Amino acid sequence: MTEPLEQSAAVSESAGGEPTTGFELFPDRSVVAMRVDGELWDLAREVPAGSEPEAVLIDSADGLAILRHSAAHVLAQAVQSINPEAKLGIGPPVTDGFYYDFGVAEPFTPDDLKAFTKEMERIQRAGQRFRRRVVTEDEARTLFASEPFKLELIGLKGAVGESEDGESVEVGGAELTVYENVDPKSGDVIWKDLCRGPHVPSTRVLANGWALTRIAAAYWRGSEKNPQLQRIYGTAWPTKDDLRAYQERLEEAAKRDHRRLGAELDLFSFPDEIGSGLAVFHPKGGIIRQEMEQHALRRHREAGYNYVYTPHITKADLFWQSNHLVTYKEGMFPPIRMDEERDEFGEITKLGQDYYLKPMNCPMHILIYKERARSYRELPLRLQENGTVYRNELSGALHGLTRVRGFTQDDAHLFVTPEQLETEVAKVLEFVISMLRDFGLTEFELELSMKDDEKGKWIGSEEFWQSSTDALRHVALASGLKLTEVAGEAAFYGPKIDLKTRDAIGRVWQLSTVQVDPNLPERFELEFTDSDGAKKRPIMIHRALFGSIERFFAILLEHYAGAFPLWLSPVQVVGIPVADEYADYLGGVIDRLRGEGVRAELDASDDRMQKKIRTHTKAKVPVQLIAGEEDRAAGAVSFRFRDGSQRNGVPVAEAAALIRAAIADRRQVLTADDLG
RNA sequence: GCCGACUUGGCGCAAUUGGUAGCGCACCCGACUUGUAAUCGGGCGGUUGCGGGUUCAAGUCCCGCAGUCGGCUCCA
C-alpha cells in the first residue's frame, strides 16, 4: 500500500462558477471519496463553495471501509436478484472485509455462495453507479415497506441515536439517505438500500479484489433473543493482488494455528473421553508449560508475592457469600450434591450439601486473608496461585486452548489500603510488562475500562469510581503505552486495566487484567488495623498476567509458530552422528550437556543422517549437533540451526558454554548468529 | 446454547451415478549408514464418529446423538 497522498483542493468562491463535484476535483482513479468538513462524501456530490475537500484514497483506512461497504451492497443486490424474498439486515465493513445479513427461510448453501459470486461479478462488470438520495422518514418507510429490518432501523433512528457500530452504517448520519444502484446506460435504478454512505463511484472499482468467504448465522442486532439471520462474510481489497496477499496471510496464520501445531509437535490434546474444552498436556507440552510456570513463579517470589494453594471445589455457601451464585451462576458447572440420604420411596431423609467447582479463585484467597486479624504493616498482601478454575462455557464458544472449560489462571489478589492502590497498580503493570518481555513479547497497549451512565449496572460510590478510575488512568498514562478508554466495559464493582499484546504476525491478544474491587472486601467484611488502631477495609486488586496459562501457551505457540526460544524448547539439543561409528563420541557430548542441565538427546536410530536432520528440523529443535570423523578428531561438534545455517568444528567445551548462555539469556535461536 | 458445514487406520488424504475400503507419513522387522531436509525391502494397522432406517447392496441416501470447524452470543 502507498502512503495516502496529501491531496486537497480549495473550491473557489468565484460567483457564477459552475458547481464543482469531487470527480472534477479528484480525477485520480485511486480516489474513492472525499472528506468535506470532517465528513466522508461521495465524489458525485457537489462541493459547497469555500470548503476544502480532501481526497480519500482507496488504500487508506476510510477508503478501504468505503470499498468494503460498497462490496456489501453489491452482495446484497446479488442476493436479492437471485432470491427476491431475502430481507435485508445490515451490511457494514469489518476488519479486512464486510458482511451482509439476510432474513431468509432457508439457510444459504455453499452453492448459493458460488451463484452470488457470479452475480456480483456481473454487477461489478456492469459498472453501476451508487447514487445518494436524501429522503424523509415517510419516504423511507414507503421505499422499504417490504423490508421489515430496515423499517425497524428507521424507527430506531433518533430514538436511541448512534448505537451499535453496524447499525450506524445504515442510519447513522444526520439525515436519512438511500443509495440507489443505477445502470450507467439506461439510468434505471436497479437496486437500493437504506444507507449512510458514502460509496465508491462505480461497482467497477471493486476490480475483482474481493471474495465471499463464509456463511454464518448471526442474531439480529446482536441479541440472542432476536431471530437469527444468515450472514455472508466477504473480504475486499483495492486490487486482485492485494486480495491474493491477504489470502496468503490467512494461510500463514493457519499454519501457525496452535491447534494444528499442538498436534504436530505433540504438545497437547483434547480427548473426547474427557470432554470438550478440557485439555491434556503431553510430555513436550508439559516441559514448555513447566518452564513458563517456573519462570513466572520465580519472578513472583522476587516481587513479593506469597504463593498459596486452594481446592478446586467448595460448598455453595462460599459462592453465595461472594455472590457469584447470583452474578455468575450460568458460567458455573452444576453442583455436586453430597451426603443426601433418601428412603426406599425416594423421599429425602437427610438434606445434602451442594459443592461447586470453582469458577474463580478470589473467594478462597479472601478466606486466607480472613483467617486472622491483619495489620496495616502486612499490606500490600499479595496472594498468588496458579488456580485451576472450571467454567461452563457454551459449547459453541470453545476454541483450542484459548477458550476452554477448565483452565489455570496465574491469579493473584492484592489486598491494599486505599492509599496504596495507585502505587500497587503501577507496580503490577511494570511487573507484567517486564515478565511478558521475558517471554519475547514486545508490543503492548492498554485498555482502561470504566463505568458509563447506565443506571443499575454499577455498584459502589461515585467517589470510589472517580478516584479509582483516576488512579488507573494515571498509572496507564505514566506507562507511556498506547491507552484506549472504554466506557461501560468495567466490572460491575470497579474499573480495570487490560493489557493487550501484538504477536509476531500482528494479531492483538488480550492478556493481563488488573481489576479494582472494593465489593468483595465489603461482602466478606475484610478488615485491617491501621496505625491509629482503627479497623479499616482494604481494597482488593484482582490480577492475572497470562490471564490463563493454557491460553498464554497457545498465544506463545502461535507467536513463535512452534519454534520456541531455547529455554522453552522441549528438546533443546539433538545429537546427530554422521554415521553409527560416531554415536558413542557424540553421545558423550550429549551426556555432558545433560549433566549441565540441558535438555539434550542423541538420535541413535537407524535412520540416515539426512533423515534425522529432516525429522528434527520439522520438530523445530533449535540446536542440532552433528559429529563425524573431522569433529571427533578435533574434539569438536558442528551446529546446525533451524534455518539450515551451520557453525562447524566448535570445540565441545565452547559449544556447551554457548548453549548454556543462550538458555540462560532466554534467547531465540533460529540461525547461527543467534548463538552469540 | 443457536445456525451451517464437516467426521474414513496415530496424522494427512483417496474411493466413478450406492456395488462390501486404498495411498503417503508414522509405527514394527531386516538390510544399509562418512558431512547438513526423506536409503531400500518387508510387515502391522480401519466392522469408514456412535445409534437407528431405506436398499438385493450404504463410506456414499434418510433420521437421531456426539465431536470438530466457521460464525453469532459470551469471554481468561
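What share of the 676 residues in chain A is buried? From there, please go on to the cavity, the pockets and the charged contacts around them.

Modeller: The model is a predicted one, and in it 49% of the 676 residues of chain A are buried. Chain A holds 20 helices and 35 strands, and its C-alpha trace spans about 90 × 75 × 65 Å along the principal axes.

Rolling a probe the size of a water molecule over the atoms shows where empty space is left. The count comes to one cavity of 30 Å³ or more, and the largest cavity contains about 40 Å³ of space. Its lining is made of E293, A296, L297, H300, Q384, N386, D410, R543, F546 and I549, which divide into four nonpolar, three polar and three charged residues. Two elements, α9 (283-302) and β22 (381-390), each supply at least two residues of this lining, and the largest share, four residues, comes from α9.

Turning to the open spaces, the largest pocket has about 1,200 Å³ of space. Among the elements that give two or more residues to its lining are the helices α11 (324-327) and α15 (519-523), together with the strands β23 (406-416), β27 (508-517) and β30 (539-544). The lining comprises 40 residues, and those that lie nearest the centre of the pocket are Y328, M360, R391, Q409 and Q515. The largest share comes from β27, which contributes five residues. By class, the lining of the largest pocket divides into 15 nonpolar, 15 polar and 10 charged residues.

The second largest pocket has a volume of about 510 Å³, and the residues that line it are T95, D96, R214, Y246, R249, L250, E252, A253, I505 and R507. Helix α7 (residues 240-255) gives the most to this lining, with five residues. Here the division is into four nonpolar, one polar and five charged residues.

The charged contacts can then be followed through the rest of the chain, where a search of the whole structure finds 44 salt bridges. One of them joins R221 to E152, with the closest N and O atoms 3.8 Å apart. R221 lies in the loop between β12 (210-219) and β13 (228-236), while E152 lies in helix α5 (residues 148-156), so the pair ties together parts that are 69 residues apart in sequence.

Another salt bridge is formed by E137 and R141, whose closest N and O atoms are 3.0 Å apart. These residues are four apart in helix α4 (residues 137-143), and therefore about one helical turn separates them. E137 is partly exposed, with a relative accessible area of 38%, and R141 is partly exposed too, with a value of 33%. R141 can also be placed relative to A86, as the two are 55 residues apart in sequence and 18 Å apart in space, C-alpha to C-alpha. A86 is found in the loop between α2 (61-82) and β6 (87-88), and at 1% relative accessibility it counts as buried. Besides these pairs, R131, R133, E139 and E180 are linked in a network of salt bridges.

On the outside of the protein, finally, I313, I336 and M338 form a nonpolar patch on the surface, with about 230 Å² of accessible area together. Of these, I336 lies in strand β18 (residues 336-338) and is partly exposed, with a relative accessible area of 40%.

Technical notes:
Residues numbered from 1 in each chain as written. Chains lettered and ligands numbered in written order. Predicted model: local features only at pLDDT ≥ 70, side-chain atom pairs only at ≥ 80, totals over all residues. Heavy atoms only, no water. Patch = residues over 30% accessible without salt bridge, like charges linked within 9 Å, V, L, I, M, F, W, Y side chains within 5 Å. Areas by Shrake-Rupley, 256 points an atom, 1.4 Å probe, with all protein chains shown as cover. Salt bridge = Lys/Arg side-chain N within 4 Å of Asp/Glu carboxyl O. Buried < 20%, exposed > 50% of the residue type's maximum accessible area, 1.4 Å probe, protein only. 1 Å grid on protein atoms, 1.4 Å probe; cavity = no way out; pocket = protein on both sides within 12 Å on 5 of 7 lines; lining within 4 Å. Points joined across faces, edges and corners; volume = space filled by probe spheres on them. Nonpolar A, V, L, I, M, F, W, Y, C, P; charged D, E, K, R; others polar.
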